[in-house]
Amino acid sequence: MSYIEAVELVGIAAFAVCGAMPAIDKGADVFGVLFLAVVTALGGGVIRDMMLGYLPPRMFTSYTYILVALITSFIVFLDAYKRRESYEHHKAKLDSIANVFDALGLAVFTVSGVNMSIEQCGMEKPLLLVLLGMTTGVGGGMLRDVLTNTMPAVLRKRIYAIASMSGALLYYVMLRLELNEVLSTLAAMGLIFALRILATVYKWNLPKVKL
Amino acid sequence: MSYIEAVELVGIAAFAVCGAMPAIDKGADVFGVLFLAVVTALGGGVIRDMMLGYLPPRMFTSYTYILVALITSFIVFLDAYKRRESYEHHKAKLDSIANVFDALGLAVFTVSGVNMSIEQCGMEKPLLLVLLGMTTGVGGGMLRDVLTNTMPAVLRKRIYAIASMSGALLYYVMLRLELNEVLSTLAAMGLIFALRILATVYKWNLPKVKL
Amino acid sequence: MSYIEAVELVGIAAFAVCGAMPAIDKGADVFGVLFLAVVTALGGGVIRDMMLGYLPPRMFTSYTYILVALITSFIVFLDAYKRRESYEHHKAKLDSIANVFDALGLAVFTVSGVNMSIEQCGMEKPLLLVLLGMTTGVGGGMLRDVLTNTMPAVLRKRIYAIASMSGALLYYVMLRLELNEVLSTLAAMGLIFALRILATVYKWNLPKVKL
């Protein structure tokens, strides 16, 4: 398992949480919850590999990836099931926990997306790398939102795609300057995570036509 | 036409029915009905081929496949059109017929999905084969549900993905044991079909957080 | 830039308009509007390239494509923002403008889809070429509709897929007869555009079960 694949496991656990919770909200049974969690956690990587022509997608061949997604989401289900009497009561708190995991998953998958796109296509096409990084970052959540008939986070949440692209660009520039890979990974992930959390906490608003 | 391609025609006819009926329900015109039927019937195979890197997808090059989907869904449309006065009246009966065709399509495409994944990737990665079999089985219906803004069957229906994966695994194990291919196909399809019908008839319930 | 890529820029601008407007309607902020416009404008080409195995998709490597989509949709946003007081008032007029751009984008991408599929697969499989042309034409709008939880245009709008396929077939036949490429492009695009506009203006109705 490469360095970046190990980092991805954190993103998979984080996105599994973000996939399990809306499935529970929509009234899916335990297998529906696990299914949506796996799609959310592995979806971004599958889309990235389909776009890179790395076929079949690597997510489908790794027991580790899928087991991490299954175990994480099963724990989320069990916890919710235990406190199902008071589930609605904790809703607001659960949503803000999910938002933190979502920021973490976005950060991890954006960076791993750029990293694996470089592996396949080299360093010469920064536009491609940034776009594929963002696609990897937002892809899993987008599949989840489409499957649950929800307006996708990328259209709904404050500076979602922008946070992802900023981090992808920072990661690319740092690698280009031949800075340390671990440092670059941490800096880019930190930027994405911080932008998303700050945007949520301070309710950063961007212009809209309809308020 | 190979043995498994001939079997697939049954699945295409079954899924064409399952695509035509919700399009009629949503008020689509005759071409919308045919379009959704074709997407439902061919979608799973297209997604499978895209994931296997078998490009362009084989569904796009076969007049037989597309004609079977078109003719089947046109018959469904004609029949519904003839009895449009009493359409709502027969709704419950029609839904349970659609459910049987859906179980049949799921059974056929899961097995053909495993079969064609073996052709491309060999027998050494059972996880990949089972996941691609399930993706092929649920893919067409998932596209249909997403296009008609419906919660996907795989999240909504009793043991949908589980039935598909059980059959995929049984098929793999039987082939691994070098049992007869036709027997393995029939056994795996029978298992998927039976699990889905039994789950519907006996309303098997799995734990949910929200009841 | 090849001849057909230059033509595609017109389609990208047209579809960027058709992506920006529903995003504004759904209350997305300025970046959500740009994001949905880019997905709508580039989505059909990305799906086509994924189906052709031309990976990574060419849309991701061209600054021109993405800049045209961004600039066009930013102008649409600015214009809507300036008249946001009277936005609802102009709704009907804006919708009919969007419909014209939509017909234009459908025409351009259908033809470019056939053209690039010929480049990859040759002239020997007309069914494949027509289906991939239609997929390219309807793909971007379909992604947009799915992301905004709207019934896709292809199911909702009068003779949408049929117009696209008719143009794709005309283009193929004209090339087959070795007629001039520019003439064939214009004739096919003209047919698709005319069919869509006429169908809208004269409210051509096709049989439905539920009226």
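## How chain A holds together

In chain A, 74% of the contacts with a separation of 6 or more are made by residues 24 or more positions apart. Keep in mind as you look around that this is a predicted model.

Chain A has eight helices and zero strands. Its pattern, read along the sequence, is α-α-α-α-α-α-α-α. The radius of gyration is 17 Å, close to the 17 Å that the globule rule gives for 211 residues, so chain A is as compact as a globular protein of that length. Along the principal axes, its C-alpha trace spans about 55 × 45 × 30 Å.

How much of chain A is buried? Of its 211 residues, 57% are buried.

Chain A carries 18 positive and 15 negative side chains. The centres of these two sets lie 9 Å apart.

## Where chains A and B meet

Next, look at the contact between chain A and chain B. It takes 31 residues from chain A and 29 residues from chain B. Between them the two chains bury about 2700 Å², with 77% of it on carbon and sulfur atoms.

L106(B) sits in helix α4 of chain B, which covers residues 91-121. Is L106(B) buried or exposed? Its relative accessible area is 0%, under the 20% cut-off, so L106(B) counts as buried.

Leaving aside residues up to four places away in sequence, L106(B) touches F15(B), G137(B), V138(B), Y160(B), S164(B), I192(B) and R196(B). As for W204(B), it is 98 residues from L106(B) along the chain, and their C-alpha atoms are separated by 18 Å.

P56(C) lies in the loop between α2 (30-52) and α3 (63-82) of chain C. P56(C) has a relative accessible area of 18%; buried means under 20%, so this residue is buried.

What does P56(C) touch, not counting residues up to four places away in sequence? The residues are M51(A), C121(A) and L128(A) of chain A. Within chain C, P56(C) and V100(C) are 44 residues apart in sequence, and 31 Å separates them in space, C-alpha to C-alpha.

Methods
Residues numbered from 1 in each chain as written. Chains lettered and ligands numbered in written order. Predicted model: local features only at pLDDT ≥ 70, side-chain atom pairs only at ≥ 80, totals over all residues. Heavy atoms only, no water. Helix = DSSP H or I, 4+ residues; strand = E, 2+ residues; numbered from the N terminus. Rg over C-alpha atoms; globule rule 2.2 N^0.38 Å. Buried < 20%, exposed > 50% of the residue type's maximum accessible area, 1.4 Å probe, protein only. Contact = heavy atoms within 4.5 Å. Lys, Arg positive; Asp, Glu negative; His and termini not counted. Charge placed at Lys NZ, Arg CZ, Asp CG, Glu CD. Buried area = accessible area lost by both parts, 1.4 Å probe.
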